[in-house]
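Hi,

Here is the structure I promised to pass on. Could you have a look at it alongside my notes below?

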Amino acid sequence: MSDEGHDGDDHEHDDTEYETPHREAFDHDPLGHTRVSGGMSVGQLVEQYGHAGIGAESVHGAADVLSEMWADDDCTVFLSLAGAMVPTGMRRVVVDLIRDGYVDALVTTGANLTHDAIEAIGGKHHHGEERQEGKTLREHDEQLRDEEVDRIYNVYLPQEHFAEFESHLREEVFPPLAERDGAVSIAELCAELGRANATVNDRENVEEGAGVAAAAYEHDVPVYCPAVQDSVLGLQAWMYAQTSDLTLDALADMTPLTDQAFEADTAGCLLVGGGVPKNFTLQTMLVTPRAYDYAVQVTMDPEATGGLSGATLEEARSWGKLEKDARNASVYGDATVFLPLLVAAARERVEAE
């Protein structure tokens, strides 16, 4: 064959040694692969998540921050609990955290306190049944309305439990508060609710435990409910106040909550869901000379909407709600999945030390 048109120099190699460029942002911590085996603990699983990326890495990072926060004996821990956490089965997770000393203050919704009390006095939430074939979701909900059953996604609650809860409030909770001189704070209402829940739970030998408010009352953990009006609890308090001397002071909680933040050597928060509890917990630091040293949040809301529920903890740092060098992590997903996972992994680590 002819060599015409082929230049041998085209195939000569440059013997100059290739130097890898300096990559300060990328030349570290290569990704590994998660190993899973039967019988491993939750803590071991979450540790393996640290070899992976995306959500797994976020869970691992959140468990790191949470365990560090709980291992800090000088840290005052605020738990923010929004969403339908009690009616969807997270009640005992929160109760155990309070009873075992992992929470110093609870900020939650009136709805969670309502459903907590319903279980304390003997009511139960139920798994929802699939709607009948050929029925639309609207028709299914219309049937539930006729049968007097309320639906929270796939959790059902018979309406008679609300009637029992209302009687509980009027007979056990509100009368002692109405006898006090002057207005009472929302935290005092929550404490009285916890006391009454524990009393009735014990007196009636209710199979289910006395719950979140009772555990907080028994362990001197203040419960703050900044949007109590937005619940059956708040609605019933308003109705009772129309014919009694019961008066609630919505601003009274600000002083003890701020004092607790002021007196903290270090401060941390676990934010479950968003809404008012998240903002109320974070904004506490705006009137103190300090900010949170640790923060972990679990949310399903995106940050791009501009709403506080999905706002990143980095954004909170810009407001002075987190210290510049605060340890923080976020997990984006269903809190009924990720809260128990994170709590189990962090507690396993802390309690092994």
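Let me start with a helix pair: α1 and α13 are roughly perpendicular to each other, a label for angles of 65 to 115 degrees. This is a predicted model, where local features need pLDDT of at least 70 and side-chain atom pairs count only at pLDDT 80 or more, while totals for chains, interfaces and linings use all residues. Residues are numbered from 1 along each chain as its sequence is written, and side-chain values use heavy atoms, with hydrogens and water left out.

Helix α1 spans residues 42–49 and helix α13 residues 335–351; they pack at about 100°, with axes 8 Å apart. (Helices are DSSP runs of H or I, at least four residues, and strands are E runs of at least two, numbered from the N terminus; axes are lines fitted to C-alpha atoms over the stretch in contact, with angles from 0 to 180 degrees between N-to-C directions.) Among the residues that meet are V42 and Y49 in α1 and L341 and R349 in α13, contact being heavy atoms within 4.5 Å.

Helix α13 also supplies at least two lining residues to the largest pocket, as do α3 (86–99), β3 (126–127) and β10 (292–299). The largest share, 7 residues, comes from α3. In total 32 residues line this pocket, with A84, M85, T88, G89 and T336 nearest its centre. Its space is about 680 Å³.

The second largest pocket holds about 200 Å³, and its lining includes R131, H140 and Y153. (A pocket is an open set of points on a 1 Å grid over the protein atoms alone where a 1.4 Å probe fits, with protein on both sides within 12 Å along at least five of seven lines; lining residues have an atom within 4 Å of a point. Points are joined across faces, edges and corners, and a volume is the space filled by probe spheres set on them.)

Best wishes

Note on methods
Angles under 35 degrees count as roughly parallel, over 145 as roughly antiparallel, 65 to 115 as roughly perpendicular and the rest as oblique.
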